[in-house]
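Here is my note on the structure, written as numbered points. Keep the viewer open while you read.

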Amino acid sequence: MARRKIIRITVTSLLVLLVLVTVALGGIGWYYSGELLEPEEVPQRYPETALGVDDKNVVLAESKLTLQRGTFGIVWPGGAAKVGDVATTKDGRVERPLLDGTAPPEGTKVRIETDVYEGNPRTTLGLVYSEVRVPAELGEMPAWLVPASSNDTWVITVHGRGASREEALRVVPQLHSAGLPVLLITYRNDAGAPASPDGLYHLGDTEWHDVEAAIKYAQSQGARKVVLYGWSMGGAIVGQTLARSSLAAAVSGVVLDSPVTNWTQTLNLQAENRGVPTWLTPVAELVSGWRAGIDFDRFDLVRSPPALKPPTLLFHGTADGTVPTQSSRDLATAARSLGWPLQYVEIPGADHTSGWNVATDTYRDALADFLTRSIGAQP
């Protein structure tokens with residue numbers, strides 16, 4: 001009798017423990033799925049300090065970000081500027097040439113950004129553009145259209161998670177000079193665009209419909225072919241467009257910058273960055289899949305490549321702390337066996353989506369060569 005009682009107590013205790021562990025894991029999974037899926041306004045932080053101007057150089061307090069090599073944007077409440085590569089460093093002061101805008105006053109708290117242009121194509125680049133509305137399944141999506149000398153092949157830009165159309169402004173002058181009209185789109189849950197029915201990001205699993213709508217819009221305006229250009233999560237959206245859109249055959253080329261080509265690897269890296277065990281990634285995927293109906297396996301472009309594989313140019317930096325460089329290396333290695341004409345350009349020292357900033361000439365040269373070889377664009 002006593003033995004049975006002990007067994008009952010033990011079994012009950014184990015069941016209670018199992019329930020508690022399940023609830024705890026579910027809570028953790030829900031929290032991290034929220035971090036992944038829930039759109040939220042990113043707090044505007046200004047962690048760096050401007051120390052004034054020396055000659056024509058902007059002076060900044062030394063930090064990991066202000067020491068980055070290359071061309072970057074500086075923003076602060078009410079102002080923005082574009083600065084060049086590090087000129088000098090001494091006594092905790094970093095000097096960078098002012099390339100555009102007005103230097104922030106001494107003592108101003110600022111933020112370093114890969115986006116070097118703030119505003120629209122006319123105010124920042126001096127290019128003629130129009131505000132257009134792209135009809136899509138959830139409603140009209142606002143976009144900027146920068147026309148060019150040719151109307152045969154359009155470029156459609158797809159920004160990353162939490163970013164905006166401005167992310168693509170860095171490359172618009174080169175695309176415009178090559179004679180390519182550029183459509184800088186928004187997608188569901190962006191500011192000014194309709195929200196998804198559940199109010200969640202779907203990491204590309206539904207957003208690709210908005211890219212398909214942009215292709216339809218370009219075709220309605222005379223485009224016969226399109227080039228899809230995606231950054232970060234925009235790369236995942238482009239991948240799903242190639243895999244699932246009935247209009248994928250219209251895509252004559254793809255450019256990917258720091259793209260998500262494997263969400264599991266990306267979540268593992270971000271877990272490591274937060275000091276969270278990577279064995280919790282499957283829990284986050286399970287809960288995210290349940291909340292948003294996402295099949296994470298379909299995003300692995302090595303194991304689940306699209307049937308149509310247009311010529312692709314892939315950029316990734318070695319210092320990317322957001323999306324693992326290894327994912328792009330894996331895709332580049334597998335490309336030949338997949339029958340995917342893919343050129344991989346790895347940029348030493350570049351963090352997430354900062355390849356253009358860190359190695360502008362290398363980036364531009366590779367892009368120009370790709371556009372010429374792949375779609376016959378003007379050099």
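Predicted model: local features only at pLDDT ≥ 70, side-chain atom pairs only at ≥ 80, totals over all residues.

1. Eight strands make up an open sheet with mixed pairing. Their order is S8-S9-S11-S10-S12-S13-S14-S15. Strand S8 (130-136) and S15 are the edge strands, and each pairs on one side only. From one strand to the next, the twist averages 20°.

2. Now look at one pair inside that sheet. Strand S12 (residues 225-231) runs parallel to strand S13 (residues 251-257), and six bridges join the two.

3. Next, the nonpolar cores. Which residues have the most contacts inside the largest core? They are Leu183, Leu203 and Trp263, in a core of 51 residues. Helix H4 supplies the largest share of this core, seven residues. A second core is separate and has 34 residues. Among them are Val172, Trp231, Ala350 and Leu367.

4. Check two backbone angles. Asn189 is not a glycine, yet its phi is positive, at about 80°. Asn189 sits in the loop between strand S11 (182-185) and helix H4 (208-220). Is Asn189 buried or exposed? The relative accessible area of Asn189 is 15%. Buried means under 20%, so Asn189 counts as buried.

5. Thr353 is the other one to check. Thr353 has a positive phi of about 55°, and Thr353 is not a glycine either. Its loop lies between strand S15 (342-347) and helix H9 (355-358). Thr353 has a relative accessible area of 4%, so Thr353 is buried as well.

6. Finish with Ala319, in the loop between strand S14 (312-317) and helix H8 (325-338). Its relative accessibility is 39%. Which residues does Ala319 contact, leaving aside its neighbours within four places in sequence? Gly349, Ala350 and Asp351 are the ones in contact. Ala350 also belongs to the second core. Then compare Ala319 with His352: they are 33 residues apart in sequence, and their C-alpha atoms are 7.4 Å apart in space.

Methods:
Residues numbered from 1 in each chain as written. Heavy atoms only, no water. Helix = DSSP H or I, 4+ residues; strand = E, 2+ residues; numbered from the N terminus. Buried < 20%, exposed > 50% of the residue type's maximum accessible area, 1.4 Å probe, protein only. Pairing = 2+ DSSP bridges. Axes fitted to C-alpha atoms, helices over the stretch in contact; angles between N-to-C directions. Core = buried A, V, L, I, M, F, W, Y, C linked by side-chain atoms within 4.5 Å. Contact = heavy atoms within 4.5 Å.
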